[in-house]
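Hi,

Here's the structure I promised to pass on.

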Protein chains: 2
Amino acid sequence: MEQTKIILDENEMPKRWYNVLPDLPTPLEPPLDPKTREVMSPEALEPIFPKELIRQEMSSDRYIDIPKEVLEIYRLWRPSPLYRAHQLEKILKTPAKIYYKYEGVSPAGSHKTNTSIAQTYYNMKEGTERITTETGAGQWGSALSLACNYFDIECKVYMVRSSFYQKPYRKSLMTLWGGNVVPSPSPDTEFGRWVLKEQPDTPGTLGIAISEAVEDAALNENTKYSLGSVLNHVVLHQTIIGEESKKQLAKVETYPDIVIGCCGGGSNLGGIALEYVKDKLEGKHDAKVIAVEPTSCPTLTKGEYRYDFGDTAEMTPLLKMYTLGHTHVPPAIHAGGLRYHGDSPIVSKLHAEGLIDAVSYGQKTVFEAAVQFARTEGIVPAPESSHAIRCAIDEALKCKQTGEEKTILFNLSGHGHFDMASYDKYFNGEME
Amino acid sequence: MEQTKIILDENEMPKRWYNVLPDLPTPLEPPLDPKTREVMSPEALEPIFPKELIRQEMSSDRYIDIPKEVLEIYRLWRPSPLYRAHQLEKILKTPAKIYYKYEGVSPAGSHKTNTSIAQTYYNMKEGTERITTETGAGQWGSALSLACNYFDIECKVYMVRSSFYQKPYRKSLMTLWGGNVVPSPSPDTEFGRWVLKEQPDTPGTLGIAISEAVEDAALNENTKYSLGSVLNHVVLHQTIIGEESKKQLAKVETYPDIVIGCCGGGSNLGGIALEYVKDKLEGKHDAKVIAVEPTSCPTLTKGEYRYDFGDTAEMTPLLKMYTLGHTHVPPAIHAGGLRYHGDSPIVSKLHAEGLIDAVSYGQKTVFEAAVQFARTEGIVPAPESSHAIRCAIDEALKCKQTGEEKTILFNLSGHGHFDMASYDKYFNGEME
């Protein structure tokens, strides 16, 4: 039997990130200024981002070296393991081979640390003393708290209210690493106070939380804002996932036919998939790439591809992306990390160009897949990641019908140890 | 810089467990019958344990092969990584080299799966359809639920009441893997009902929970009882930890001067240490082995070495061990897994013979170490495991005083993702 875990040694860890921007079939549309609607200059972003990240956001370099100090932290958990899902395959009785890259081995429990460490490092280099951010399910807030702890930067997290109460121990985790967490909307910003007054019962959204974090960064000295998904530099930092997975699959002499990632802001999908998209663009291979989203927040499957704001208060630049509209309030589902009205401009472009497919699932069928996964592979998956599991299982079951021995790769972006309340709801029949 | 993670490939995983019994300086005293106080025959244990585990409990074979089916499950997470604690060493400014074996990579979050998989496998082979057990912090109950899920056996867990309410999501985790969990004392057993009547406000103890689980197994058909620590066969199954760690240290050409494990029932300590105790007994090396316990339940440091019951209701055989007395009720500290009045007969014998040292710490200083660890190494440790961290840090600080470059190895037996309420108490200044 082929080995269960395909591991890489530390010296096999990639030393650079892959930047898809110069390889895109058509150039990415530039961000527009929220006030003038003119193309935004890099300088205009400097009040909220450090220069190096703005450079990366717009870079035409195909590869960007990972700094030594970032690699030193990465190796606390990277390279992450690639698993062959023998137990799951057995239960499904599928001829497909299922592999999953497991990003839950990071201390914060998800892939988000790949970019939080990088972003915080560049902020530290440029003298930032305080970073603000939003978080949905708490994965990103945890990752940023951990990173700020390493580079001795103060961290303020605006956590979407519905998740704040659904996942109480996420706050404890951020606190442990020194993060300061408040439910959003909060009384700490002008926009938060306005929302609290207008919609006192709102479950909150990522859009609102982003507005609060951006306002805070713009108004406070030595403070920058940090985003956990969507932007090009965030997707860039996640490409280490895909590159590692390709090396690992090569060790067992295989290449995926299908590559799957859940998709909220698009960074974990981009992280696993861009390495394979590159091969498609070069005509070397032709893996099918699938973005999986919740039916309750169907950005790629039902949104429009147009310029929109990244936040509710219209403070961020406008990005060309699939969007449900920046004032959209998705229901408070358990996969809080996927409740975003927009999507990564890179993923949006690739979807529009037909290089990335998209599907959506309801949360009950997603939890069903999560439970089947936990009972076979052992690992308890995060609700977000379970969207990718649902799709991988369905693709494997299609192979059972057709008899095809496809190789399926998905990104298990995080564990669900802080999502047990959601599992309780599922088992108690209280899930909508 | 030396690598951070020292990993083994699946084919380097040990294929047998090490049984210390034939190597002990003096033979282990046999268990006594709870009623007659005569030496207990193996047959007398058959109502509650499968035959193969009874054989292992008394075996004089130095090595016991790990069944293929057990290895197949082990490799979902084993070999577990060995870490060099570079970040912690840096903060401590110590010349010591600190290594830790990380058992929290198992899906249930601790070393306990090493024995739960094995025990459940042998039960399955002998036709057991239902297994009962107790759990303190919930690590063991989770591990047994996971294992029963793999071998299609029903699982009933009596969880010490104080932990049941301190760590609510442990129950969710057991439920996810199909376990049936009740707080102990419970109305489900005669002994439980008696305790509920006599001491309605008891926080519960492992001793009480064991009595309930044993009663349940003895009275119900095709039901066996399973213990997560203390017994010889449990310690046996944990020796894979120590053997892996020795192989990993050999890869960086080192051998520990000090080996540290927290100690409740003794299985994680035995697991990491017996491989090195073997070398001591053979005169090959002379590592100092340290058992770390809570001051509030100081079995080795303040208990008596004598025959005592393993449970409160006097249903289990009497074992020769260090004990605080089987009716002792330790305070409801956060390291629920260490709240046991007795200890492993093997660890007790080795302590009595001067081969294992013991120290104890209060929980505040233990959490202080846990926070320092989480802020350097990233990983959030379980309160139990944090006792080993406290001791490792103190030994490293001694080296700073003396300038000695000692090699310290400790077992990080589990993560603390389900212990965040305890961290909250620590940060809120509510910890006693």
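**What I found**

Counted over all chains, the structure holds 60 salt bridges. Keep in mind as you read that this is a predicted model.

One of those salt bridges joins the side chains of A:Arg84 and A:Glu2, at 3.4 Å from N to O. A:Arg84 sits in strand S4 (residues 82–84) of chain A, while A:Glu2 belongs to the segment before strand S1 (5–6) of chain A, so the pair ties together parts that are 82 residues apart in sequence.

**Inside chain A: two domains**

Chain A splits into domain 1 (5–13 + 69–109 + 238–427) and domain 2 (16–65 + 112–232). If you take the centres of these two domains over their C-alpha atoms, they are 21 Å apart.

How many residues are in contact on each side of this boundary? In chain A, 66 residues of domain 1 are in contact with 62 residues of domain 2. As for area, the two domains of chain A bury about 5,100 Å² between them, and 62% of that is on carbon and sulfur atoms.

There are polar links here too. Four salt bridges run between domain 1 and domain 2 of chain A. Across the interface of the two domains of chain A, 28 residue pairs are in polar contact, with both residues at pLDDT 80 or more. Several elements of chain A give two or more residues to the domain 1 side that touches domain 2, among them helix H2 (68–74), helix H10 (232–251), strand S12 (304–309) and helix H16 (420–427). Sorted by class, the residues on that side of domain 1 of chain A come to 32 nonpolar, 18 polar and 16 charged.

**Between chain A and chain B**

Now for the chain interface. Here 48 residues of chain A are in contact with 48 residues of chain B. The two chains bury about 3,900 Å² between them, with carbon and sulfur atoms giving 55% of it. Which three residues supply more than any other three of the area that chain A buries against chain B? They are A:Leu76, A:Tyr169 and A:Leu176, which together supply 17% of that area.

Chain A and chain B also share four salt bridges. The side chains of A:Lys90 and B:Glu72 meet in a salt bridge, at 3.5 Å from N to O. For polar contacts across the interface of chain A and chain B, the count is 28 residue pairs, both residues at pLDDT 80 or more. On the chain A side, the elements that each supply at least two residues include helix H3 (86–92), helix H5 (139–151) and helix H7 (168–176). H7(A) gives the largest share of that side, six residues. By class, the side of chain A that touches chain B has 25 nonpolar, twelve polar and eleven charged residues.

**A sheet in chain B**

Last stop: chain B has an open sheet of seven strands in the order S1-S4-S5-S15-S10-S11-S14, with mixed pairing. Strand S1 (5–6) and strand S14 (357–361) of chain B are at the edges with a single partner strand each, so one side of each has no neighbour in the sheet. Within chain B, strand S10 (residues 258–262) and strand S11 (residues 288–294) pair in the parallel sense over five bridges. To find that pairing on your screen, look for B:Gly261, whose bridge partner in S11(B) is B:Ala291.

Happy browsing!

Note on methods: Residues are numbered from 1 along each chain as its sequence is written. Chains are lettered from A and ligands numbered from 1 in the order in which they are written. This is a predicted model: local features need pLDDT of at least 70, side-chain atom pairs count only at pLDDT 80 or more; totals for chains, interfaces and linings use all residues. Side-chain values use heavy atoms; hydrogens and water are left out. Domain bounds come from an automatic or database domain assignment. Contact means heavy atoms within 4.5 Å. Buried area is the accessible area (1.4 Å probe) that two parts lose on being put together, summed over both. A polar contact is a pair of N or O atoms within 3.5 Å; within protein, one must be able to donate a hydrogen and the other to accept it, and residues adjacent in sequence count only if both atoms are side-chain atoms. Helices (H or I, at least four residues) and strands (E, at least two) are DSSP runs, numbered from the N terminus. Ala, Val, Leu, Ile, Met, Phe, Trp, Tyr, Cys and Pro count as nonpolar, Asp, Glu, Lys and Arg as charged, and the others, Gly among them, as polar. Two strands pair if DSSP finds at least two bridges between them.
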